[in-house]
Amino acid sequence: MSNVLLLIAIVFPILMALIVRTLRIPVKVKDWVNLAVVIATSTISFTVILLNPSESFSIFKFSDSLPVELKLDNLGRIFAGMVSLLWPFAFLYTIEYMSHDDVRRNYSMFYIMTFGVVLGIAFSSNLITMYFFYELLTLVTLPLVIFSFTKEAKRATRFYLYISLFGSTLALFGILTLYTQFGICDFVGFKETVKNVAIVGDKKSLVYAAYLLMFFGFGVKSAIFPLHKWLPTAGVAPTPTTALLHTVAVVKAGAFAIIRTIYSSIGVELLSGSAVQIVSILFVSFTIVFGSAMALKQNHLKRRYAYSTISNISYIILAACMMNETGIYAAILHLLFHSFAKISIFFTAGVLMHQADITYIDQIDGLGKKMPITFTLYTLSSLSLTGIPLFSGFISKLEIANATISVGTWYSLIGLIAIFISAMFTAVYTIDLVIRAFFKKPNDYNMENYEMAKEGSYKFLIPISTFAIISVFLGTFAAPFLELIKSLLQGGGV
């Protein structure tokens, strides 16, 4: 019966978000009811993760051999655990950030519904089920991007919709090719995908074509160059939305889908050493350097960290594209550690916008004196994102470097070089804000921002401090956590 909880974890937040939206109670009361729904959803999700049901749960069937079905494996457990940890803190932050908006009821509804949809991606047992929830993810996040209904928001939403539909169409063609030609659809342990070599036979070219369609199709949400432009454009959305897009749901869902494609569907035996592996590595290596270089150029606060996300998500995909056990381990570590650091950084950006009306980097000069807690927490998260020793980002980036070295080819070396170049750029564009805040004095340009600046409430500081501290803790006392991740990945079912 525990497998029923897989469906409940998905359906509960979607239904409750709709129900709470219709309740005729004060908006502030509704905010806390919604938070209770989010916490309950996380509780259900963690219960499923701990019970680890072995049986699948069929929702409906397109045919006897093509069910929309839920099943939990270790890769899904890791992704669902990350999402379930982040979401309650993200929603607490949302309550404060959106408190000035009287129509936030609709915003909260879609924010919570997105939680259920992302859990659907985590709990999918096959490619078609993952694709079903992947498409739903686009639909439920559109209202969050267009929320302000400004001209810029409408333009960004249209672009996000068009590019997402383009990507999902590519992915669908890839999935259908694998299913119709070879019957490959279910997720299996990546060690079991060796069986696909015999199934495919001499038709590898079809598999490679399907892989590239899925890689670039799912790569749209991961913002792989040249399919990246939607992410900086979507920065017009409220900060809780951009945090959702960048750290918890959308880009991570894209990276997760690519990991699934490589390790749970097609298999490294078919892909490793092929031309499509080289193509993948070259594209993500370029994206890593491009994203960090563009971040360095930006004066707009949210656009800087949008390009930073573009770079860092490609770190995850680069590790996955090494197509070995070291690669998937490094990819999962950076999937987690980047989320913890980046959500704290984005929340900091939101506090600056909310508490000091700051949009641009050069408005930050001297604000460390007015907002010392906020900027101290930002500094901790930035050091992790940069990859400084004793912070979690250092560990995941070191493992990505190890993964590239373990492959030992010219194209993996290009990935290694991209990491080092990006690391230098990242250090400059993250520490730049720290220097401005603590070591520069306010000037005539930002004096108005300086005078109005003040620390945010506990609803802001609790989420920011939680994940900044996690980034430090996992960097300093990493061994037990690393052993847990290794044991899950080596335990099969990935």
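Predicted model: local features only at pLDDT ≥ 70, side-chain atom pairs only at ≥ 80, totals over all residues.
Local features need pLDDT of at least 70, side-chain atom pairs count only at pLDDT 80 or more, and totals for chains, interfaces and linings use all residues. Residues are numbered from 1 along each chain as its sequence is written, and side-chain values use heavy atoms, with hydrogens and water left out.

Helices (DSSP runs of H or I, at least four residues) and strands (E, at least two) are numbered from the N terminus. Helix α16 covers residues 372-386. Just after α16, glycine 387 takes a positive phi of about 95 degrees.

The structure holds five salt bridges, each a side-chain nitrogen of Lys or Arg within 4 Å of a carboxyl oxygen of Asp or Glu. Arginine 260 pairs with aspartate 73, with the closest N and O atoms 2.6 Å apart. Arginine 260 lies in helix α11 and aspartate 73 in the loop between β2 and α3, so the pair ties together parts 187 residues apart in sequence. Both arginine 260 and aspartate 73 are buried.

Arg304, Asp365, Asp432 and Arg436 are linked in a salt-bridge network. Arginine 304 meets aspartate 432 at 3.1 Å, N to O. Arginine 436 meets aspartate 365 at 2.9 Å, N to O. Both arginine 436 and aspartate 365 are buried.

How values were computed: Expected span 1.5 Å × (residues − 1). Buried < 20%, exposed > 50% of the residue type's maximum accessible area, 1.4 Å probe, protein only.
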